[in-house]
Amino acid sequence: MGRGREALVACSDRNMGTGMVIWDLESGDRVMNLPTCGSPSHGLLCLNDQFLVASQVNKHGSVGGGAIFTWPLIKPQSPIRSYPIEAIGPIACTMDGVYLAGGSPSGNAYIWEVANGRLLKTWRAHHSSIKCMVFSNDESLLVSGSDDGMICVWSMLSLLDTENPGSSSSLLHYSLEHKSSVSGLVIISTSSNSTFISSSLDATCKAWNLVSGSLIQTQEYPLAITAIDLHPAEQFLFAGSIDGRIFVSMLNVGLVDDPLVIDEAQPVVLEGHKGSITALTFCTLGLISASEDCTICLWDAITWMAIRRFNYRKGAVTNVVVVPYFSLLPSSNYQRVLNQFRFSSLDKCPQPANSSNGTTIILRQCSPFKDDQNSLSFGTISMDRHINEMEEGYTPAALQMKVETNIDHRIWAASMTRHVMEMNKHLQSRLLDLMQIRLLRDTEDDDANTTRKNKRVKIETPLEEEKPLQARN
């Protein structure tokens with residue numbers, strides 16, 4: 001909470017022409033508008049305090065392809081445009097900005113390496129549309145929630161394991177306790193046991209053990225919950241509802257028998273919106289809430305009073321993100337830091353594990369059971385360069401590395417084949433629907449032509465019978 005002056009970024013899912021608006025939170029002044037952005041819920045994030053990343057709405061569905069735009073905060077007028085193979089809804093990134101994950105309406109999930117844009121993993125994560133995603137604080141786990149109420153916890157080490165590319169081994173556990181769409185996921189970092197909270201349109205928030213997947217407690221509300229967030233000190237849970245109210249509940253974290261207890265007393269209710277709450281987040285000044293009524297409220301976290309209101313005027317707000325204000329200002333020192341962190345255009349299809357040049361950053365080896373474990377970063381030098389250096393001597397090491405390279409390429413080719421086959425299934429299903437519609441139309445046309453011919457025959461037949469009668473007369 002001590003980041004100093006901050007700016008608020010907001011966008012809508014109305015269409016890509018709506019754009020983003022940035023305000024100065026301290027003064028309430030509008031700083032700038034960024035055109036060409038329309039992002040679905042959970043589709044906007046700030047990456048490493050240096051980039052705005054937003055998945056773009058797609059009216060043609062998942063088969064029609066999607067887009068992810070990235071704006072460097074220091075120069076937001078020129079976004080980096082990426083075009084995944086299908087539309088992407090929610091996105092999430094690791095705290096260090098190394099990995100970016102995205103979920104699609106088809107249920108497929110994707111993981112990219114930010115520095116080089118390489119697509120590291122794509123797999124069938126859910127049977128229905130993915131609604132939200134979040135990484136654990138130690139970046140070893142990925143949690144996803146879908147439209148059918150399913151919540152899955154995935155192991156990042158298994159997802160990025162090139163030797164065993166199967167996605168079934170990456171799934172640690174799943175749950176179908178929610179009876180409706182999952183609307184939010186937040187991780188509790190101060191709990192003695194790793195814990196996360198999920199919200200749903202079934203009017204409940206549930207607390208889970210992140211490692212075992214066991215359900216700890218359920219909090220019921222009078223209305224569907226559409227967005228949640230935790231107080232930075234993780235003492236309160238804020239739950240936004242479908243009618244615009246925000247329920248504030250006390251959290252007691254760290255008890256031995258029950259890692260999370262939600263106070264049963266009547267929760268505080270914040271009322272200031274006339275439409276469904278779409279997003280909640282915190283800044284140094286307090287709570288920020290966005291709503292379908294095209295407004296954004298800034299609430300004082302002590303008095304629970306609305307101290308500022310922003311009018312979006314471009315449709316329902318779907319996403320709000322808080323960024324450091326200094327990141328929007330040109331600075332030589334900040335420019336030097338920015339050059340050390342790069343964002344490349346995201347690949348459409350998976351690439352071989354050793355296809356990138358230079359150093360590849362591997363997921364740090366962190367255990368979800370220990371928060372104080374030292375994090376390590378490992379680098380691997382490009383295997384192709386080693387092979388070229390040793391190839392002249394035809395050493396056993398060179399031959400072994402050659403075999404490993406071929407295996408990597410075969411694994412990549414198999415992964416690509418599965419990916420293309422799955423996309424072909426979508427296309428074939430769509431083609432069959434179009435053919436069925438065409439056949440129905442042709443059948444209707446034939447029936448109409450037959451009806452017209454029958455009518456014509458009935459009209460012409462009496463005339464032909466009258467001719468002999470006239471001849472006899």
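Q: Is Phe238 buried or exposed?
A: Phe238 is buried, with a relative accessible area of 0%. Buried means under 20% relative accessible area, exposed over 50% and partly exposed in between, using a 1.4 Å probe and protein chains only. This is a predicted model, in which local features need pLDDT of at least 70, side-chain atom pairs count only at pLDDT 80 or more, and totals for chains, interfaces and linings use all residues. Residues are numbered from 1 along each chain as its sequence is written, and side-chain values use heavy atoms, with hydrogens and water left out.

Q: Which residues does Phe238 touch?
A: Not counting residues up to four places away in sequence, those touched by Phe238 include Ala227, Ile246, Leu280 and Trp304. Contact means heavy atoms within 4.5 Å.

Q: What about Thr226, buried or exposed?
A: Thr226 is also buried, its relative accessible area being 15%.

Q: How far is the side chain of Thr226 from the backbone oxygen of Ile277?
A: A polar atom of the Thr226 side chain lies 2.4 Å from that oxygen.

Q: New topic: how many disulfides does the structure hold?
A: The structure holds 0 disulfides. A disulfide is counted as a pair of cysteine sulfur atoms within 2.5 Å.

Technical notes. Polar contact = N/O pair within 3.5 Å; in protein donor to acceptor, adjacent residues only side chain to side chain.
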